[in-house]
Amino acid sequence: MATTLSPADRAKRAAALAALEYIEDGMTLGLGTGSTAAFLVEGLGRRVGEGLKVRCVATSSGTAAQATRLSIPLLGLDEAGPLDLVIDGADEFDPQLRLIKGGGGALLQEKIVAAAARRMVVISDASKEVARLGAFPLPIEVVRFGCLSTARTVATVLDRADVETRTLTWRQRDGAFLVTDEGHHILDAHLGRIGDPGALASALVQVPGVVETGLFLGLASEVLIGSEDGHVRRFPG
């Protein structure tokens with residue numbers, strides 16, 4: 001029996017299927033992580049089965065596992081070189097195409113892959129579109145050594161930042177600190193509103209122990225916003 005998708009999943013799938021139109025034979029692609037990107041990988045697997053020739057770099061072990069199951073050719077980023085296109089989801093995006101990513105715990109690899117691509121297309125449903133970033137908790141990836149000390153320093157940075165709230169929580173899985181594919185922890189900053197994303201990103205990455213933040217600035221070129229009826233809006237239009 002076919003699985004019935006929720007309205008939100010139908011919207012995500014619509015955006016993912018629209019993004020498949022951007023993929024051309026012979027491309028080297030970056031494959032994103034998360035529930036929306038999973039629909040993209042599923043659709044790409046069908047096209048590969050029909051004869052499409054692509055080479056792909058996964059942004060997480062989860063995406064790599066799905067791609068392998070679907071016989072999508074994978075290689076490492078260093079082997080791939082510059083990517084033609086990366087397609088990924090987002091937890092939030094604003095009118096300036098600034099993103100918050102990392103809800104799936106893969107922000108570091110996602111950002112490295114995005115930076116290596118000539119173009120980044122974001123796939124999303126309308127719930128991720130915001131006037132100002134910050135309602136979604138900002139993931140901050142930190143090394144495990146001294147992580148509690150790092151969190152205290154992050155808190156002092158937030159005291160001086162243009163944000164609405166300043167609550168920090170550790171991402172957990174099965175009752176323990178989440179460990180990312182690169183062996184780090186994730187600190188989620190509940191900020192409510194981020195007045196100056198660029199200034200905040202710059203300040204946070206200067207903290208020793210902070211590896212990266214989920215603020216993706218100047219990377220995305222377009223967002224495909226799906227709706228449950230299958231319609232897709234392109235931003236900017």
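This is a predicted model: local features need pLDDT of at least 70, side-chain atom pairs count only at pLDDT 80 or more; totals for chains, interfaces and linings use all residues.
Reader: Which residue stands opposite E92 in strand 5?

Author: That residue is I100. Strand 4 and strand 5 (residues 99-100) run antiparallel and are joined over 2 bridges.

Reader: What is the strand order in the open sheet of 6 strands?

Author: The order is 2-1-3-6-14-15, and the pairing is mixed. Strand 2 (55-58) and strand 15 (232-235) stand at the edges with a single partner strand each, so one side of each has no neighbour in the sheet. From one strand to the next, the twist averages 20°.

Reader: In which sense do strand 6 and strand 14 pair?

Author: Strand 6 (residues 120-125) and strand 14 (residues 222-226) pair in the parallel sense, over 5 bridges. To find one of these on your screen, look for V122, whose bridge partner in strand 14 is V223. Helix 1 (residues 7-19) packs on the sheet, where it touches strand 3 (85-88), strand 6, strand 14 and strand 15. The direction of helix 1 makes about 155° with that of strand 6.

Reader: And strand 11: how many of its residues are buried?

Author: Strand 11 (residues 185-190) is mostly covered, with 5 of its 6 residues buried. Strand 7 (residues 138-142) pairs with strand 11 in the antiparallel sense over 5 bridges, and V142 has H185 as its bridge partner there. Strand 8 (residues 167-170) also runs antiparallel to strand 11, joined by 4 bridges. In that pairing, W170 stands opposite L187.

Reader: How should I read salt bridges, and how many does a search of the whole structure find?

Author: The general idea is that side chains of opposite charge can pair when their charged atoms come close. Here the search of the whole structure finds 13 salt bridges. One of them joins the side chains of D94 and R98, at 2.7 Å from N to O. D94 counts as buried because its relative accessibility is 2%, under the 20% cut-off. R98 is partly exposed, with a relative accessible area of 26%.

Reader: Which salt bridge partner does E212 have?

Author: E212 meets K111, with 2.9 Å from N to O. E212 lies in strand 12 (residues 210-213) and K111 in helix 5, so the pair ties together parts that are 101 residues apart in sequence. Both E212 and K111 are buried. Another pair to look at is D125 and K128, whose closest N and O atoms are 3.6 Å apart; D125 and K128 are buried as well. D88, K101 and E110 are linked in a network of salt bridges.

Reader: How many residues of helix 5 are buried?

Author: In helix 5 (residues 107-115), 7 of the 9 residues are buried. The buried ones are L107, L108, Q109, E110, K111, V113 and A114.

Reader: Last topic, the cysteines: how many disulfides does the count come to?

Author: First the general idea: a disulfide is a covalent bond between the sulfur atoms of two cysteines. The count here comes to 0 disulfides. As for where cysteines sit, C56 counts as buried at 0% relative accessibility, and C147 counts as buried at 10%.

Definitions and conventions:
Residues are numbered from 1 along each chain as its sequence is written. Side-chain values use heavy atoms; hydrogens and water are left out. Buried means under 20% relative accessible area, exposed over 50%, partly exposed in between (1.4 Å probe, protein chains only). A disulfide is a pair of cysteine sulfur atoms within 2.5 Å. Two strands pair if DSSP finds at least two bridges between them. Axes are lines fitted to C-alpha atoms, for helices over the stretch in contact, and angles run from 0 to 180 degrees between N-to-C directions. Contact means heavy atoms within 4.5 Å. A salt bridge is a side-chain nitrogen of Lys or Arg within 4 Å of a carboxyl oxygen of Asp or Glu.
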